[in-house]
Every structure is written in C-alpha cells, then in structure tokens.
Amino acid sequence: MIPMNRFSRRRMLRGMFGGAAVTVGLPFLDCFLNTNGTALADGQALPTNFGTWFWGLGLNPGRWEPAKPGKIEALNVELQPLAAYKDKMNVFSGMKAFLDGKPNGVHFSGVQGMLTGTVPRGMTADKPSVDTLIADVIGTRTRFRSIEVCCAGNPSHSQSRRSGAVVNPGEVSPAALYTRIFGPEFTDPNAATFTPDPAVIVRKSALSAVTEDRADFMKTLGAADKARLDEYFTSLRGLEQQLALQLEKPAPLAACTVPGKVDETPIGTEIEMVKANHKLFAGLLAHALACGQTNVVNVAFSDATSSLRRAGGTQTHHEYSHEEPVDAQLGYQPTLAWFFNEIMGSLAFFLAQLDGIKEGDKTLLDRTIVMTATDLGYAKLHGLENMPMLTFGSGNGKLKTGLHIAAQGEPTSRVGLTLQQVLGVPVSNWGTDSMQTSKTITEIVA
Amino acid sequence: MSHVKKTLATAAVMLTVAYGGVALLAEDSKPTGPDAVTRRLSQQQYRQVITDVFGPTIKVGGRFEPDIRRDGLLAMGSSQVSVTASGLEEYDKIARNVASQVVSEANRDTLIPCKPANAKQADDACASQFLAETGRMLYRRPLSKEELASRVKVANDAAVGLKDFYSGLGISLSTMLVSPKFLFRGEVAEADPDHAGQYRMDAYSKASQLSFFLWDSAPDPQLLAAAEKGELNTDAGLKKQVDRMVASPRIEGGVRAFFTDMLGFDEFETLAKDSMIFPKFNTSVAKDAQEQTLRTITNLLITEKGDYRDIFTTRKTALTPMLASVYGVPLVAPDGGWKPYEFPETDPRAGIISQVAFVALHSHPGRSSPTLRGKAVREVLLCQKVPTPPANVNFTLVQDTKNPQYKTARARLAAHATDATCAGCHKIMDPIGLGLEEFDSGGSLRSSENGVEIDNSGVLDGVKFTDAAGLAKAVHDNPAAPACVVSRAMAYGLGRLPAKTETGWQTAMQDGFKQANYRFPDLMRAIATSPEFYRVAPPTMGALDNPASKLAQKTGNTQEIQQ
Amino acid sequence: MSLKSKAGLAASLAAIALCGLGASAASAAETRSFVISYFYDANWSDGKTDCPTGLNLSAIDFYRRDLAKAGHSHDEIEAALKDFPGEGGLKQPWVPLVAHRGNGKDNVYAHPETMADPGMIEVTGHYSYGFNLDGKGAASPSKFEDPDTHEKGVNNNLYKVEGCIRSYRGLPPPGRPSLPENLWDVLRDVIPAWLITVTAPNGFDKDGPVTVTWDRALGRITRDASGAVAQQDMTYQVDPDPRSHNELKGSVKGNVVSIEPADFRMVLDPYLQPEIKFQQTHMRLTMNADGTARGVIGGYQPWSTVYYGFADQGHIKEYAASINLPALYYALKRNADYDPDPKTGENRQISSAYIIEAVRAFVAPTVPNKTAFAVAPNAAKVQ
C-alpha cells in the first residue's frame, strides 16, 4: 500500500495551520473556486463521465501487478498494451471477493462483488451495479441515462443492472447503436434549448439562509475562529456559484461531431469479430459522450465465462483456463496470456477513442473515469483472490492517477465505494457482509 | 455591577456577550479566561447526532473531511479545522440525503410531528413546528425567532417551487445540516455572576460541552431542558446531570471515543502489513485488534470500575476467532463473534501495550520497531514529547533485516546508535520498545529473529524489566501514565490545552484521580463538574457595540439579544 | 500448540485452554492438529513420460468423433457446434445431441453403456504417488514406483485413468493438477473444514506409536491474508457426525506419520463427489517445523462413486474440462482392481491416492447436537 497521503496539500495547509496563519489574510473571495479548487471557475467544467469495461477470466497473477506500490514506474507484462495510459490509470492489486460461506458461483460471484458490492447467495444478483448508482447522480440530465454494449453477440453479457432482475441489456450491433444514438432522434447538444432544473433553483435560493447565518454566528467567535469560518463561507459561496452555473446554459460541447454511419457487421464469439465490433462500439460511445448524449457507458467485451475463441480454433478462452498446462519454463498458461494480450489491446483501443477527442488542452478521457471489471482473479483456479482492477481517467481531476494501490486481501468493493464518492453519490458504506466497506481509497482521491 | 449581577441572577437566562463584555471589561481589564474554541463536529459525532435526532433508520452516507491530530488528539485538531470547498460539497450531499430520508413517505409519519393541510402546498404551522423542534436538537439550543422564520421561509418557498410540502421541508432541513451552527460547535460566553470579572459558557454551551465530552454526541432533551431551566448554572443541577450521564450506558460511547482518539486508532486506516511476511494479518484482524483494545479498556474502566493503570497489566480481554489465531490461542466461538478471554499467567501478553493493536500499529509494514513502540509509549501513554529525528539519517542498517552481522533489531539498533546524533533520542525510546520484541509487526508471538533468540529486556525511566509483562508493570507504576490520561481527558473535553492559569485545576484533577483510585468515570465526572471546564473569555471582537440590548429575555437566546 | 480434548470438557474457552495445556504438561503426550488447506488427486507428471502417446482429445474434437460414430451427418454436427460452447446464454444446440450420443434417446451420463467405449488414453509412465495397497510390492501387476518414497508396486489406478486427461494431468510438485485444484479451491470456502489430529502418547521427540484422527469441523476454513493458504492457528470444533470420524492407529518416524491399513470415510460434497470412502487406507504425512503438513492418503474406493461425481454435471464438466464421461466410465470399470463382485467377478473398487496439504490448527471438542451445515449441491456449478 502506498504511504497514505491522507490530505491533499491544500487541505493540509488549511487544516494544519488552522485558518489563523494561512486563511486569516484571505479576503472574502469574490471570485470562485471551481469544485475541485483546481482553477478559477470562470468557465463551466464539462460534465464528468463514468464507464465500465468488463472482460472475463481476470489476468495471470504476477504478470499484471506493477512491481511496487505507489507511483507506477512501469507496467507489468500483461498490462503492456496500456502503456500509453500509465500516467492516466490506477492499478489495484490484492483485492478479493469474500464469499462468507456463500457458494462460489464461479464466473458470477466475483464480478457481482466488484460491481454491486454484494456476493449473492444464489446465481441471481440482488443489488444494483455501481454504474447505475453513479448514473443516478451524473446521468439524470442526458438523453440516455447510460448506454450498454456487448461485443460478443449476446445482450445478456451486460453487467449493468438496476437490481437483480433488471439487467440493462447491451446493444450487440454497432449499426443498431449508431441508429439509436445518431439516427433521426439525435439532437445537437449545442443547438438544444436549455431549461433550468427547478430543484436547483430551489436549492440555490435555500442556501441563502445559510449565508444569513453568517452574521450572528460570527459574533460569538474570536479572531482565529472567524478566519476559519470565513473559509467555510468561502466554500459556501463556491457551492452557490456551482448551483448558479447549473442554472445557466451548459458550456458548448465543442468536440461533438457526428461520426460516419456504421454498417451491419458479423456478430459472434470469434475474437477478431469481437475486436472489430468493439472498435466500432468504442468509437460510437466516445462520440456519444463527447456529444453529451449520455454520461455513463458500459462495455462488456466478453461474457464472464469467456467464450472468446481464436479464428478456426475449437477451444474457448475458458476451456484453455482449465485444460492448458502451466508452461514449466514460463510459469503461466501461454494461450491464456495470448488472450489477455488481445483483450488488453482492445481496452487500450477503447481508451484511445476517449483520449483522442481533444477538448482544449484536455481530452474526453480526462473528464471520464473508466473502471474495469472481471469475474476472476487467477483463471486457472477460478479463484476470487487478487482480482485485477484498473481505473482510467481522472473524472475532471476528481481522481489522482498513475498509482498502484497494493491492498492485502481487502474487498474489491473499496474501488466501487471510492468511485461513487468522487462522482458524488452520497454513500459512506457500501456492500454486504465482508464485502461491506467504508474504507475510501483515499490515496486516489484528489 | 451589582445591578447587572442581580438582573442576571434573577432572570436566570443567557446574558448577552455584548452586554456583559462591555460592562465587565470596563470594570476589570484583566484577562478573564481562556479563549473560546469552535470545534467542527467529527464524523462520528455527526453520525451520532443524526441517529439521536432521527433514529437509526436514517443512514448517513458520504465522505467526510479528514480530521487532523494536534497535540496528540483529533479533538484538539477539531478546533483548528474549517470546511473546504470540496468538504462543503460533501456535507451538502450528506445533508440532502439525510433530509430526503427524513421527509420520505416511509419516515415522515414517524419523524414529522404534524401533517400539512395540503401536502402539495406550503404549510407554515407544520413547518414551524418541525423546524423549531428539530433545529433545537441540531443547533443544541432553541432557534431565535429570526432563525426560525428564515428556515420556515425556505421551506415555504421551496414547497411552492416544487409543489410539495415535504420536499420543501427537506430542503430547509438540509440547510440546517450544512449551517455552521450545526457543523461547528461554538462556545457562547456570558458573565459569571458568581465570579466577578470572569466569564462562563452559557447554559446551552455548557450542555454541549458536557454532552460531547461524556457521550460524544449532542445534548439529549433532558440536558437541553436542564439548560433551558438554568439548572446547569447551579452546582446541584450540574451535578445531577453529570451523575445521570455518567451512569448512563451511553458513557461507553464517550469512553470509546476518547480512547480511540488518544490511542490514535485513526492510523489504522493507513496501516499496511506485508502479507508475505505476516500472512495472518488481514483487514479483519486490523479491525478486530482495535475493538479488542477498546473492549479491554471499557470492560476494565466501566464494567469493572477498575483502576485506570490496570489497562497496562490486565490479562482480561475479549477475542474473535480470527484474532485468536494471531495470538496463537484456541478460541471456540461458533458464531465467529466476540468471546471474553483471559490470558494465563504463563502467556507473555499483559495489558493493552502487548495487544495486537498497539504492537502492530507501532511497527513497520515488514518488521517490528522498538523505536516506534518506545516512542508510542512515551508520546501516547505517558504524554512525553520525543524530538523528531534529524534530517539525512542513514537508516540502511536498521532496515536491513537480512544483515548477516546484526540479526536482531536490538543488534541493529545498537549499531545504529553508535552515531552520536541518533544515540541521544534512541536512548529514550529503544529500551522501552525492546521489551516488546517478542511480538512481531503482525502482532504474533515469536521467540527468535533470524535464528537468534530474542532478548526482551529493557528499561523505562530507570525501571528495568526482562519481558513485556515487566514493561507493562513499569508503565503501570509510572506516575506519568495516570497524569497523562488526566491531561489528555482535559484537553479532549476542552478542545484546547489547559491554560497556564489552570495549573491549579490540573493539579486538583490529578490529585482527585489518585484519590478516586484512578477510576476513570470519576475523573470524567470531576472534570465535568469543574467550573473551570466552562470558563471562557468573551470574544475579543464581536457585537460589543450594541449596549442597547440590556434586557435579557426569558425565552430568548444570545443571538437574539445581540441583534 | 494444538490440543484435542477427548470428552467431558466443558465447552468454555478457559476450560479448553487450561485443560489442553495442562494435559500436555502433565504427561509426555503430545498432540498436533491440522486443518486441510488442499486435497486433490495425486496425479504425477513430468510433462513427458507419463503420457508418451499424447493426451485425450479436447471436447469439441471427441464430440465430432462420437457424434459421427452415432450416425449424425457432418453438416448436422457442424451446425450444432457452430457456436460451441455458447456459454453465457447463447443457444447450445449441441447439448441435447451430445447428451444422447449413445442410443439417441437415453442420457449417456446416466447411462454410459448406451454407447460403445470411445476409449481413453491412460498413463503408461513409471511413477505414481500412492501406496502398495495390495502388498505385493514389486511383484504387483502395477509397475508404478512412488517418486518420493521409491516404493515399488504402487496401486493408483485412478491416476492411470485420469492422468492423461488435459484438465487432470499432474504438474511437477508443488504444482497441482488443474481441475482438481480448481474444484477444491472453490469447494473449501463452502464445505466444513477437514481436520487431522495426531496424538503421540510419548511425544514427537522420539519415534513411536500415534493415533491419527480425521474429522469434519463445524465451520469452514479461514483463508490467510494471501488467500491461497488456510490461516494458521484457527480453532475448529469437531462435527460429532460419526460418518466423518476416523480413528486410525499409526506411528511417527522423524516428522513423518503413517497409519496401519484401515477403513476410512469422510463426507465430501456432490460438487466433487459425495464422500471419500476407502478400504485398505494408507497415509503418510510430513509435519514441518513451520506448522504446515503435506502428505498422501490412499486406498481402494468404489469406482462408481468416482464416476458419478464426474457425471453429476453432465455436459458441463465434459466440455469445460474435456472429460469424455462415457470413456471415463469404461476406463474406471476396466481399471478397478479390488473387491470383486461375487456374482460377476468384476472389481467394484479402484486404487486411488490424494495429496493432502494442511496447516496447524486448534481442534476443540464436539458440541453435542450440532452438526455441520449442508451445502446445496446445485449452488456451485463447475464452469
């Protein structure tokens, strides 16, 4: 685990020197910090996006974890296809799903733990997945609350669910997805009229009552405490300003372009086919995000019991996991490693689509957080230990990146909890039984 | 002056800062007491207050601003922190979430004492009733007329805007929950009619001081009622409330909160152990270890009404099966839960210092540390300050657990201490921590390191010992140990260090603790019934320019008078 | 470090601790207890000499062959196998076809004799873990030699049958055969832990007699922080269910414990097989200074129990692990080497051996009227 930097430098300054030394001289600011305090909010930040990217069968232990906790100096061999994103990603190792005596629904329990914080007792999930919880906060004002795609031909491969019974089925045809997003119903976000949210109007107005608390509360305070409270009220003005911005027409999505039409493509589990469809999906999803059609996307590259297979091959990725011997020289199952390389290559392609859309000096990936999910730790064992987890992008600076968090047998739900928190879901405790956690991964919170 | 005094005494009300301040400063320009402190509620306090006010069905979800530790306590840090921009955003989310649960269809009938005439419209009467009652619990004092009117207006406006009474009420409640009047607890000063020239907290500030100290939460209705009636301003009334609160089961929450703070258990958040070296040490062990120490302490101090010093030597504790495996002892607990356990005399574990929480927390991820453990005994348990190490020290030798020449921590530290700049400080830490060397960084017992038998001998302030039990006895007998907990408890309750003028009070508390056979609840009671605990200076700035408000109003409050 | 209280002890913690420690201090008797971390088929391999003619076919290939033999046309077969295996909810038109590839109407997993023996490539190498169960030594028809003890005439025909199936082939130790390792790793989180207690009346310092008991616990194993190994020094309570209680006479030599041949039975789980039931049981267990133990247990067991353990999940185990179940059925029957049926003369049991990996634990006495929970057999399915 990296030495925990529990406070950002900014908080440290404000906290440690308690207002008196540092903030006493601060005037009551008439300019406003943006929500992250990273810049002055003279313009509006573009919306923050969230995505999940799922594949089956985990990765080979020992071949994906960075060598050391803390700053990622270099990626391990199975993450090499992602090398371009070394500084824009986080790697979480040593996290697991806890069964608490519940049967291991192999290929099911692990991914449920990761995405819903709950390992179900049977083979039916009973909790919503993290993307829907986040979509309920960041995806309420877009045309689609979320968009799901399944690259291996089956809509039920989707891991996004509102509840146990309600799976958000994935689109399996890129051509159909094109029509759904960019067909006749597509509206140019920059041309659309804007209606302010009445709930925001009311909230903004209500906050003025808190501002009114200032005068009489301050009267009871000494000078040092007054400075501290000044900081509080500066923060309050920031919050009011944020709401004020929400009442204005949003910043134009300058990077929004409508992609070229996508034709029907063959659909199946053969890996080249899956990769080709994934490429089309990745491009469409990136454009959908850039055009504000949705703020949440979910990609299932394969099913959990990865039925990907090589062109002309008869065995699936999954069968190889059971049957291929560990190569004595190499120390791992070589065909499995081949599949993982293909999968990580596709993930890199997806990220390249997001990172390729430039928005000022930032990219679409920079205002997005992509979380990966998988069903297993070590495929050969079908185990739920040390399940690989990755995030990409900082979500408009909400997440620190370039870090390897090396946990020791802690629940995978910590990642889901932390991402919900940075994306504004009011949750301090998430999950069930031993998957329940209140431990934010503070190392990655900006 | 006598007129003023009489007015105050007879009215038995909270007098204004402004009025008293002007009068008394004019008459007596000497400093009149320690500065008031303004503390931000801790996460635990916030949660507890919400549970106390709305019941356990209301969940508090969100990420709180981190607390900071000053002078050995987070409670001290709480009077130094503010709310950052991102922190307020979080508080706002948490507040809206709590408020929406309170006004939800599932909860409104039980939590809102009235019904609107029309649920789609504003309702002044019902909003007023709910906001006045709830506001009193959240602000820990009654709302002024203006305050209430302002919140009712928010509720009404929002109800109109959203065409829903309950949504409007929720919005108004959420603004109370982000108000500094809820998030911070300030101390309102008033002239002390019994001590000319001195100030004391007003009765509501007293109630909060008492309640957060003893229960780690806001005053309950009985305590607020006592404040309102002026009972907290009489010795008998104060004593009655303190006795009630110390006797309540809720005192355990207060004692736990204090020791969680004093022992630095927040550091567990960041504790890491190398699972290759310490395969037994996992997340549940870390969690159980803290709980074990807290159970040891509360059992001894509250249930058994024992001597505080015995927390260092008691063999009575409680274990979970997982924790028992780290201790290497059998424990049958079919439900996987807690079972009382007493280490036999033959076991090297005695007291909280040899428990997993202490030895694991004060170690490195991959190796034990006599230095860190010795430092913790000095700083955490004896309240002694150890100087910070000089810059640019070469720790290579100490860290090299595979060094063929220096096989034990003792040998490595001895070699390291040949450097004179290091030796001085190590001398005051290492000989203490070496008594705990038989416990590895994961908290398990070991008899050797790199094949060399471990020597557990050491010395604390001239008292030599040969093992952990000997160290435990040395700490138990060290007069600094009870003195430390007294000064920590005082600082914890005050949110500040005791002032120089308060040395007499400190001495009295120390002596009283000894006379009470070091019974901790008695110490809390003694602190809570001290007039000094409520002594406070008037604010140096403020509404000193409003001599017009001379009349205290019986049902009013300080703010109202000030305006 | 360990203790095993016999009877009459109060279940209170203090009583257990004190009696346990007191007993070992008062006499020279010593007890060591272990909880089993891994238990799997003792399949040896060097990657070459065990299966010199190659491995058994993978599922899609033996399906093509078997379906053609059963009279299906090439086009029919290829159409059915188009999306093979079609996991994750795709249509699986091949399933009814392969499940009835015998006479076209009966399920071949329940009725393997409805199809002719498709044949199994068996182990022909020199080495096998296990024991000389029939006592014939070098004169035994089995030519296996144990690679560790170098005992000759080792009887382990289960290995002979399984060893050239891809998912069951062994690995050089400490590697474990793939599917058996996988199955135990999945199963051990949900079944009651297995306990071994060794009591030496004269202590472990000198060689001499010991008593070895095997029991099931009331609870599951607890994994350590690495997740791969059981947490050392956890306390387990014995399940009083007599079906899984075995008291075995044995001896200790150095740090190796062995037993005299006896009957043996442990309830397991239908996920693997309902029970392990041996006759002529042999065991050796090496107790290491770090608290771990490793060994082999073997004996003759009913081959039908083994078969139905495999066949329980039908096509799932067949295709996911490339085990041709009718071929397995015939191979087990053919290689059965003990307990002839008085009527038919056919052997009903097969020699077998399993690897034991264990860690130190405390074993506490039985709680009356309390038995281990059952695990829903269909809850965890192999994929």
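This is a predicted model: local features need pLDDT of at least 70, side-chain atom pairs count only at pLDDT 80 or more; totals for chains, interfaces and linings use all residues.

Two exercises follow, each with a worked solution.

Residues are numbered from 1 along each chain as its sequence is written, while chains are lettered from A and ligands numbered from 1 in the order in which they are written.

**Exercise 1.** Determine which residues of helix H2 (residues 59-69) of chain C are buried, and what they pack against.

*Solution.* Taking as buried a residue with 20 or more other C-beta atoms, placed from the backbone, within 10 Å of its own, one finds Ala59(C), Ile60(C), Phe62(C), Tyr63(C), Asp66(C) and Leu67(C). Because these residues cover an arc of only 160° around the axis (taken from the directions from the helix axis to the C-beta atoms), they lie on the same side of H2(C). The buried residues pack against helix H3 (74-80), helix H4 (94-99) and helix H8 (315-321) of chain C.

**Exercise 2.** Describe the strand partners of strand S1 (residues 49-54) of chain A.

*Solution.* Strands pair if DSSP finds at least two bridges between them. Strand S8 (residues 368-373) of chain A runs parallel to S1(A) and is joined to it by 6 bridges, with Met371(A) as the bridge partner of Thr52(A). Strand S5 (residues 296-300) of chain A also pairs with S1(A) in the parallel sense, over 5 bridges, and here Ala300(A) stands opposite Phe54(A).

Notes: A residue is buried if 20 or more other C-beta atoms lie within 10 Å of its own, exposed if 12 or fewer, and partly exposed in between; C-beta atoms are placed from the backbone. Helices (H or I, at least four residues) and strands (E, at least two) are DSSP runs, numbered from the N terminus. Two residues are in contact if their C-beta atoms, placed from the backbone, lie within 7 Å.
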